[in-house]
Structures are given as C-alpha cells and as structure tokens.
Amino acid sequence: MSAGSDYTGGGNLSPALLTTTSVTPDRRDEGVALSRHDFLAGAASWNARPPAGAGGMGGAGSRPPGTSFHRAEALGPEPARITLTVNGRRHDVIADPRATLLDTLRERIGLTGTKKGCDRGECGACTVHVNGRRILACMTLAVMHTADEITTIEGIAPDGQLHPVQAAFIEHDAFQCGYCTSGQIMSALALLDEIRRGEPSAATDDVTAPAVMLSEPEIRERMSGNLCRCSCYPQIVAAVRQAGDAVAEPSGAG
Amino acid sequence: MRIGSELSRKDGRLKVTGSATYTADTQVPGLHYAVFATSAVASATIEALDTSGAERAPGVVYVMTHHNAPRLRPPAPGFGSMTFLPLQSDQIRYEGQPIALIVADSLERAMHAASLVRPSYAVRPAQMSMLERFGPDADAAVFDTLETVTQGYDEPDTRTGDPDAALGSAPVSLSRRYTMGFRHHNPMEPSATIASWDGDRLTLYDTTQHVWGVRSVVAEALGLAADDVRVVSLFLGGGFGCKGFVWPHEILTALAAREARRPVKLVLTRSQMYAACGYQSATVHDVALGASRDGRLVAVAHDVVYANAVPEAFPEYAAAGTRTVYACPAIATRHRVVKLNTIQPTAMRAPNEGMGNFALESAMDELAYELGMDPLELRLRNYAERDPTTGKPYSSKKLREAYHLGAERFGWSRRAPHPRAVRDGNDLVGYGMATALMTTYRFPSAARVRMRADGSVVVESGTQEIGTGVRTIMPQIAADRLGIDPQHVEIVLGDTTLPEAGGTFGSSSTMGVGSAVADAATKLRLAILRTAIADKASPLYEARLEDLEVHPDGAVTPRGSPTRRDAYAAVVARSGREAIEAEGSWAPGGDVLGTGDYAMYTFGAVFVDVRVEADFGITRVARCVGAYSAGRIINPKTARSQMTGGMIWGIGQALLEQSETDAELGRFVSKNLAGYLVPANADVGALEAYFVDEVDPHASPLGAKGIGELGATGVAAAIANAVYHATGVRVRDLPIRPELLLG
C-alpha cells in the first residue's frame, strides 16, 4: 500500500517529462499543420480546455490556439527563474518546474482572484486567458507560458471600472459565494469572442453556418465547463446574454 | 424601501473583480505549505510508517505522524466535531484518514514529499456497505437490531396515536421502501486553514461556517484559553454544511504550525474533501400510509436507517418533517443507524427534511394515484392547521396560499390525470408536485452598530458570509432601523474579535444575526437622537424624541419642520467621539432550538415539468416552479437566488448525485467532480421562485424566517413524481438513472 495517492497523478509531473515539452522550435506564427511531436508536446494544455462548453477551441488536427511552443533550457528539478507576462505586466518568479500556472499565479505572483476548485480540470474555477483563449490554469505548467500573454480576472477592466460582463453579473445576481465567479467571468468573456468568431459548439444547430447566434442554449452549453455549486446558472445565462448585447468590441486580452 | 428592497449584493464588486479574500487567498509572511499523506485503507493498525524519504525531500521542514505529534485533548462527544483525531495513534478508522502531515517551503515540494510516505498496515475488514446491514430487501425485523443516536437535539422516535392499528383497518393503505445514495457537499472552495502563532496565541484563517465553534474546539484540543485563539473567515466559497462542524484538519494544521514554528497553510485537495469534512449519509426509508377512500390520512409511519462513523454519533432526523406535514391522528417516526468506516457524516443542504421529504412526498403521490385523486388535492385535503404531533399552533403558515400560487403559476390545471399520456416529439412529458418543508433553527447572536462622524455605518458581528447574502441583508436591516439608505452601511464579519453570533447553518442567520443587528441599530438610533436633543449646539435641542424623523441621507428633523435639521453624522461629529455605537442581541426563548408554544417551520409547494427522452431514458427538468411560505423576505433578489439554487440542488439530488462506494476497498470511489456529478449549466431549465406575503411574529422580531435549506426540499420528490407521470415508472431509489426508466 502506498500513501498520498492523490499526488501520483497529473499534479506531480516529473522533471523528465517537462524537458520533452520544451524542445520544439517556436512556430507560433507559422500556422502549419501540427506534427506528431508538436501534438504530444502540447497535450498538457490541449487537455486543459473546459470539459464541456468548449466550442471553438480549435477542431481536431488544428493547433490549440492557446498554446505556444518555444525553445527553452531544460528546467528542474531545482526551482528556476522564469518570466510570465500577466495582465500586461512582466513578473520574474522563482517557479518549481512542477508548478501549475494556477499555483504560480496564486502563490508566487499573488494574483489570488483565480481560484482552485479541483486542480484537475473539472470545475473551471481557474479559467484564465492565454493569448486570448480560455484555458484552465490548473492543467498547465507555468514554465510552458513564458512566451504567452496571460490575462486573469484582475486584468479585464481598468482599475476601479467594471467590464460589462462584471456589471451584468452583479445586476443579475449571477453568483452567491463568489468562488467560481472569476472563472465564470473569464469563460463568459471568451465565449463572447468565440461567438463573434462564429465558432460552433455542441449546441449549434448548423455547424456550417458562417455565424453563431448568442442564444440561451449556446450560453448554457459554453458555460457548462464552469461549475457553480451555489447554482446560479439561470442568472449567469441572463448576465452573459445581457453583456453579449452590450459588448460591441472583442473583449479580454489578445 | 430598505427591508424588502431588491438591493444588489454589497460584496458584488469584490466578487466579480477577484478581490474578495477567501481563506486560501490570505497573505501571511513566511507562509509554509502543509499537505496530508492519507491512508489507502479504511480499517487497520499502522505497523510501520517510513517517512525518511519525505524528511529528506527538498524544502521539507517538518513531518508530523502519530509517532511525534503532541497529544491532543479529543473533543467531547457531540455532533459538532469528531472525538477521533488522526495522527494521535496507530489506528486507521477510514480511508483518506491523514497518516502524516508534511510542512515544506513550497506547495510542490510538500506534495512531492507527501507522496514519499510509505506505510504498512495490518488491515482489518472495513464496514462500508450500508446495504449489507439494511438494504432494499432487508427484513423489517433487522431494523429493531440497529442502534439509536440519542445524544442529539431532537427525539429519534416519536409516536402519536396508534398507527399500527390504524394501518390495519385503513380502507386504503400502502407501504413502500425508498432509498437515497451517499452524497458529498462539494462546495467550489475546498476547505483551507492557515495557522499562525504569535507566542502562545493562535490566529486561524479558516473556511468555517462557525468561527466560534472552531475557536472553542481548537482551544480545547490544544489546551488553550479560548481568548488566545482568534478565528477569521472573511469569505466562504460555499459550504452547504461541510464547513459547519470542526474537522480534524483544522486542529492538526494549528498543531503543525506550532511544532514547525512557522505559519502554515493547508488546503485540502478535491479528492481529500470526500473523506475530511463529512458527507450526507445514504438513507433507507420505510413509509406506510393509511387513508380513507376520500383521501384523509388515518396513519403515517416513517422509519429511517442512516449511517454513522465509527465511533461518532451524528443525528440525522430524516423523518422529522413527517411528524408535522399532514394532519393525521396517528403518526410514528423512528431513526436507527448503521456504523461505517468513514469520516463522520454531517449536515448537508438540506439535512433531515431534505431526505425524508423525498420518501414521504413520493408515498403521497403513490397514494394519490391509488385513490385516483389529484396529488395537489390530496395535500389540501390533509392540510395541517396545527402540528399533528405536538398539537401546537404554527408560528405562521401560509402553505395553502403557496399551493394555490404555485399551481396557478405553473399551470397545474393542465395536468393530464393519467401517467404516460403526453408526448412532445420523442420526449415523454410529466408533471409532478410535492410539498416543501424545513424546520426552523435559531441561534443566539449579538451585533454592534457604529455610526462614524462621516455618516458611514459599520455593523459588526461574528457571523459568516457563505454566499447567502449576509453582507447585503444585514446592512439593509441596520439601514431600515436607522432610517437611512443602505448604501451608507457596511458589515464587518467573520472574526472572533467581534460580537458572538451563531453558526451559518440551519438557515438561521437572518433570524439570529438579523434580529441582533436590528436590536443594535434601533438602540443606536435612540442613542444618537438622545445625544442630539441634549446638545445645545443642535437645531434639535430639546425637541421631543417621538417627533423626530430620519431621512434616507441621514438628516434628522422634527416631523413637519424640514428646516430645523440636524444630521446623524453631525451629531456624532459634535460629540467629540470617533463613533457612537450600540450593542444588540437576540436569542430565541427557552432552550436554543426550542420554539416555545409554537411549531415553527417554513413551507412551500414545488411543481415540475420533466421531459424523459423515450429511447434513452434521460430525464431533464424543463421547468420548476416553487411557491414558498417563509416569513418576511428581507431581500427578494438574494432570496430568489437562494430558492432557485436550492431547486438546482434538488435536481442534483434527484438525477445526478451519488458517491459510489466499494465495500471491498472500504471507500468512496468517485472522489472527484468527474465521478461525482453535480448539476452544470446545461442541466438546468427554467426556474421560478415566488414568496407569499407573510410575517411570522414568533420566529423573529423581523417577522422573517430562514430560507437557505427550504429550496432544496420538495424538488427531488416532485421530479420523481413527474417522472412517474411521464413514464408510468415509479422510481423509489435516488438518483433516478436512465436505466431505471428503460424496458
């Protein structure tokens, strides 16, 4: 019998595995077909999309847009100094190569608005944007994002102001305890961009149509990767719908 | 305008910007990270525990096991904490029990070190299956061999009249067994504790629904004076009961921080939450109903079997609601327990009635079909004007109005009388209804209200904000009593340095804390006005107190003399004090849970429209309408969210939620949010919640009652009843799975 079985899974990737994820040249702007090596290398964050409602995260065979591959030194097992760009600001941090983006945001950079609900990609509480796409910060390692633009709940509106989605959440009482709210709002922002880009979801009747309507079934489906145990789902749908009408320009970073 | 207004949450901006400080967000200098290694077996003696790998791992500063942990004073028997504490002996009583606690300088290093702990066990057979002792096919005689929890706050058994005789002679009778699986609370925020010592004084930042309970249990366990322990809980990411009691990890984190001589943060993993802070027991219900041909109940009997942990005693009064919900001369209820190797079960939204209600309301539906009567008509025919078990009058009850309001808004009159009569495409359509009911629990509370010289008001009370809206409605209540706009009022809460308040459980805060705030604010208003009329510098000098009126901006004038104005803020400023303050308190009469000469409950009527996909048996709740009789509503906006949230809990209870167990392994096996299904956004259809106009003068001086748990009752039964109406299949075991509806 062994103890600590909770920690033998994805939360404790070995340094050896990490090095294999860091050897692909940066092809961020090339738009080429994905090689098998790239695909395996990107798998960690490819898996990081919301388990449901993730329409528009890129179809099979295309490259996960939230992921970048770049040349890096092999890191670990000792903590290493890395630079992360979060909400437009560069942060030099000492990161354990095993540290998730979520834990690095919270425990190293002090951006605690992003929450840990499950640490295994099931609840959506840690949703952030990487290069303008939503990902789950618990399912990706900080060292994989040194070349990325990361946006958290703290970065979606100028100080002292509210994004229309934030204001709509208050108006529609779209939260109670508030713990999942950062993730809900980050998903809502990304959802509006996905709709604007015409990306279909499982709730889209005609996936070949050039445009997707911001309907309630679309919102429910695309928000289903974000659990709310206080169960404010109808209010969340109402808030996203209202904000969708109010937001004219693409929102969020990227 | 203040009580009864739809004020948006006052902590809304903090919550939508990510700036609300939950326990694990607290910044403490020099913080180290604690992680548990846990037992993979459920019943065993630890024969050896090799921690050498963990101790040598980089960054580790302390490893605590039963070998080196200082001995704690175990909490006294009761149901607010566990008497059994891990890391105090070589005994394993449940899977997931901590066997070592690692403290390291980073979370990653602590997690890695915890994975290096190597135990060996002498394993004993574990008791994990309730059904082995009392399952769907168990003989009723087994019931009499089971134990009773007697040290609770209510009677395990009650008996009015002679139900056995009445059942024997009833013209119509039925006897049915209903079951429900184990459930876990799964608040989005995992439990977290940060312990920081300053000499012999301890500060705990903790995810708790009751800072005072944590203070008292932790102080007792560590041999400290209660005053040397401060517990802080500013925002809670949900709890639903699992943060109500005091659990071993809270005590052990405090101990580890003391031994490691560093501030320590422990956050349970989602998986650990399934064996660290309680669960709702599976239950088996035997319900027998006897009735006359015209539908009048002559006998009601409800027996419940539920689980308890070895060696704890937690009372779950799942048949308590059956004692009061319908008028009947003969009612008997009994509760028995089966002991399992688990963490202690605990209250979960909704406890007691939330479970028993499914059984009784399903049986009532079966009786209605047996009689050929509309299920709503059967409820109305047995409407209880007084509590049938105690004979006491209800403190207030407008359930009849709620039945009619709910039925009208839902369109119940369109219901087809026979099952499996309506189809919409490939969906079988069914309507179902049930009565909702919850006992009223009230706890003594205190509050202080301070008016500052700038006119801002601070309410101070050691209550908690779990998401119910305490940060919003308490300022509303204070503003109402002071006569000003609630925008001037804030609340400081979640700290044992504030006046003591009851726990945020049992739907009790509005009554207990709200009444204390109202008392303090009423006294503060008087204190300020008295200061004004005694102050020669005030335009109100020597005015008559009873002539004064307060305006929403805090101006004070004699009635009818608008030019002779003073203001709250000016009175405070002239007093030379930083603030004028008043303390208030409220306690229910008699014993803490006593309701005196009245039976005290909240009520509701729940109607649902379900669609069962004919080929796959998948049930969806298209619409749910609830109408509630729940006293005066302080804030309809936050109150409606509570009720619709409760409905979604009912959808989870009916269709999704069950913690699977493995009798051989002795453990819960679906310990994550992929294995334990909670409702997601796409699972939810249209929800409507209504309140009938009601003031309960006996439940609290505000006329209000509690609503947090009421919304989670009635829904599961209404769904099961609607599924029967849609399909003709009666499901008596929750959750309702597609395979039960096929073939």
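**Two cysteines of chain B.** B:Cys277 is buried, with a relative accessibility of 1% (buried means under 20% relative accessible area, exposed over 50%, and partly exposed in between, with a 1.4 Å probe and protein chains only). Its sulfur lies 4.1 Å from the closest cysteine sulfur, that of B:Cys242, which is too far for a bond. The model is predicted: local features need pLDDT of at least 70, side-chain atom pairs count only at pLDDT 80 or more, and totals for chains, interfaces and linings use all residues. Residues are numbered from 1 along each chain as its sequence is written, chains are lettered from A and ligands numbered from 1 in the order in which they are written, and side-chain values use heavy atoms, without hydrogens and water.

**Cysteines of chain A.** Zero disulfides are found over all chains (a disulfide is a pair of cysteine sulfur atoms within 2.5 Å). A:Cys228 is in no disulfide, and the nearest cysteine sulfur, in A:Cys180, is 4.0 Å away. A:Cys228 is buried at 4% relative accessibility.

Strands pair if DSSP finds at least two bridges between them; helices (H or I, at least four residues) and strands (E, at least two) are DSSP runs, numbered from the N terminus.

**Salt bridges in chain B.** B:Glu6 and B:Arg640 form a salt bridge at 3.0 Å, N to O (a side-chain nitrogen of Lys or Arg within 4 Å of a carboxyl oxygen of Asp or Glu). B:Glu6 lies before α1 (12–16) of chain B and B:Arg640 in helix α15 (residues 636–655) of chain B, so the pair ties together parts 634 residues apart in sequence. A further salt bridge, at 2.7 Å, N to O, joins B:Arg379 and B:Glu361. Both B:Arg379 and B:Glu361 are buried.
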